[in-house]
Structure formats: structure tokens, C-alpha cells
Amino acid sequence: MGRTILVFAECRDGKLRRVAFEALGAARRLAGADGSVHAVLSAPDGAADEAAALAARGAGVVHVADDPALRAFAPEAYIAALRAAIEAVRPDALLLGHTAMGRELAPRVAAAIGAGHVADVTAIDEDDGVFTRPLYAGKAFERRSFTPGRPWVVTIRPNNFEPAETLPAGQPQGTVQTLPFTVPPLLTAVRSLIRRAGGQIDLAEADVVVSGGRGVRSTAGFEPLQELAGVLGGAVGASRGACDAGYCGYALQIGQTGKVVTPQLYIACGISGAIQHLAGMSQSSVIIAINKDPDAPIFSVADYGIVGDLFEVVPLLTDEFRRTQSD
């Protein structure tokens with residue numbers, strides 16, 4: 001028997017994040033051939049293209065929540081929209097991305113509707129409804145399932161699930177409808193947003209991450225890393241040591257107290273490999289470590305290691321990748 005799955009399609013600056021399509025793909029597999037998939041989309045200024053994209057990739061019904069309170073992230077407004085969607089759909093599960101927004105909304109929604117909650121899921125057994133998540137910086141994994149009779153609330157880690165593909169030509173696409181809901185009195189009000197300058201690629205969703213540690217020695221030391229990331233179409237990250245030293249902002253921090261990333265390629269430059277940093281990147285598909293210290297702990301988790309000065313090695317890699325791309 002199929003399941004009914006609801007997906008929270010998270011947007012940033014009015015555009016769907018990639019994790020929204022990854023959640024939609026996971027939902028389609030979890031629902032099964034006989035199930036149904038719905039999506040809820042916050043669209044305070046209209047999002048016809050985003051709604052159509054979800055419908056074209058397998059969302060049977062896209063519920064569009066349209067209210068000015070959703071322009072900024074006011075949790076109470078978003079929770080009201082999600083609860084309205086849940087009451088309308090009565091899903092077996094709600095899937096969200098394990099992002100800053102998803103991490104805040106998921107437990108609050110679960111508590112509000114009396115549902116179970118599993119966070120940071122990296123794999124799903126669709127047949128048995130079993131969810132796998134890492135523990136102890138990825139050194140162990142636990143498999144969790146839910147007691148029957150209650151809905152599930154699950155956040156999935158970005159870059160761990162295949163995004164939903166566009167439906168084949170001729171296959172009926174989903175419909176789009178307005179979601180009626182009432183915004184409760186807001187406990188917080190966002191007056192303005194101040195954004196730090198950053199790259200165009202979201203760090204948590206990047207396929208390639210070039211990360212620097214204390215070994216970069218200065219703010220200027222990140223420039224070769226930024227150049228390499230630009231050539232590879234990736235994002236730049238940092239260890240907490242580099243952030244604490246003032247070489248970069250904490251928005252780039254990867255690790256136990258920063259962002260968790262799972263790119264296809266992670267290049268660690270001048271990073272020793274403290275356990276706190278490994279917690280944020282050890283599940284990367286391929287890890288390359290560049291460090292002058294041959295005994296640096298980062299080499300124990302690296303697939304490839306280069307013992308050398310990052311200021312010599314990184315420009316050489318950049319030139320070689322650039323040359324390869326031009327061939």
C-alpha cells in the first residue's frame with residue numbers, strides 16, 4: 001500500500017533550494033507506486049515558476065502558501081502554513097531539508113501535531129520505512145523507525161539523495177492550488193536582513209568544497225582557495241580555527257559547531273583534522289588533504305593526501321584543472 005508524503009519545498013531569495021528537489025525525490029520513492037506526493041511552497045510574492053517546477057518533477061499537488069508574513073523567516077507563520085498543509089493532506093510523513101530552517105521547523109511541527117521526529121537522515125529504506133542517520137561524527141550509524149498510527153517528521157541531509165527528475169513527456173503533471181491558512185500573532189518580527197558577502201553556491205549543497213584552516217595564515221591566504229573553488233565550480237569553507245583567528249566569517253565554518261557538508265569532493269587545505277572538524281565533512285565522497293605535517297590527523301580520513309605547502313600546491317592544482325578544462 002502506498003504512502004502519502006508531504007514535502008516542505010524550501011526557497012531562498014524566492015528560488016527553490018536543491019534540497020527541495022532532493023526531498024521530493026526521496027518522497028516519491030518513499031510514497032511508492034501507489035502513493036501520492038504533495039508539496040507545500042511558501043510564496044509571499046508569487047512563485048509560479050517554482051510551483052510549476054515541483055509539479056513537473058512529481059508533486060501531485062503543490063500547495064502554495066501566499067502571505068506577506070512569509071517574506072522573512074518568521075517561524076510561527078511557517079509553522080501555521082505547514083500545519084494547514086498537514087491538516088489538508090493528512091500525510092504519513094513530512095520531509096524537510098536538514099538546513100537551518102528545516103532544523104528549526106521540524107521539531108516544532110512534530111511537537112505541535114504529536115508526531116515522531118528523526119533528524120539528519122542520510123538514507124531511507126523505502127520498503128520498511130527505516131531511516132538511517134550518523135552518530136559520533138559519522139563513526140556510527142543508527143537506524144530508526146516510527147510507531148504506527150502517527151505521522152513522521154523527517155529532515156534529510158543535503159547532497160545525500162538524488163533529486164527528483166522531471167516526469168517523462170506525456171505523463172500528467174501535478175496541480176497547483178492555494179493553501180488557505182491563518183497567520184497567528186507573531187512572537188518575533190524581522191525588520192531587516194544584513195547579508196555577509198559570499199559566493200553564489202550554497203556551502204551545504206555544493207558538490208565541491210575547498211576548505212581552509214589555520215594553515216592559510218591570513219585573510220589573504222584564502223584567495224588561492226577561492227580561485228581553486230571558482231575553477232571547480234565549488235564553494236569555500238573553513239575550519240573553526242580559521243574562523244576564530246579572524247581569517248574569515250563564521251558563515252564558512254564547517255564542523256561540529258558549524259555546517260555539515262557532504263560534497264562529492266572535499267579539499268582540505270592547511271587543516272589539521274580535529275575531531276570537531278571531521279564531524280562536519282567526514283562523509284564527503286572523496287577527501288583530498290593538503291598539509292605540511294605528514295602526521296596531521298586529516299590524512300587518516302583522506303582518500304588522497306599531499307604533503308606540502310598549500311601556497312605552492314593549490315596554485316599548481318588550479319592551473320592544472322584550468323588547463324584540463326580548456327583541452
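The model is predicted, so local features need pLDDT of at least 70 and side-chain atom pairs count only at pLDDT 80 or more, while totals for chains, interfaces and linings use all residues. Residues are numbered from 1 along each chain as its sequence is written, and side-chain values use heavy atoms, with hydrogens and water left out.

Strands (E, at least two residues) and helices (H or I, at least four) are DSSP runs numbered from the N terminus. Strand β15 (residues 265-269) is largely enclosed by the rest of the structure, because 5 of its 5 residues are buried, where buried means under 20% relative accessible area with a 1.4 Å probe and protein chains only. In a regular strand the side chains alternate between the two faces of the sheet. Leu265, Ile267 and Cys269 point one way from β15, whereas Tyr266 and Ala268 point the other way.

Arg3 lies in the segment before β1 (4-9). Arg3 is buried yet has no salt bridge, and Asp92, the nearest side chain of opposite charge, is 6.0 Å away; a salt bridge needs a side-chain nitrogen of Lys or Arg within 4 Å of a carboxyl oxygen of Asp or Glu. The side chain of Arg3 does reach the backbone oxygen of Glu126 at 2.8 Å.

Notes. Buried < 20%, exposed > 50% of the residue type's maximum accessible area, 1.4 Å probe, protein only. Lys, Arg positive; Asp, Glu negative; His and termini not counted. Polar contact = N/O pair within 3.5 Å; in protein donor to acceptor, adjacent residues only side chain to side chain.
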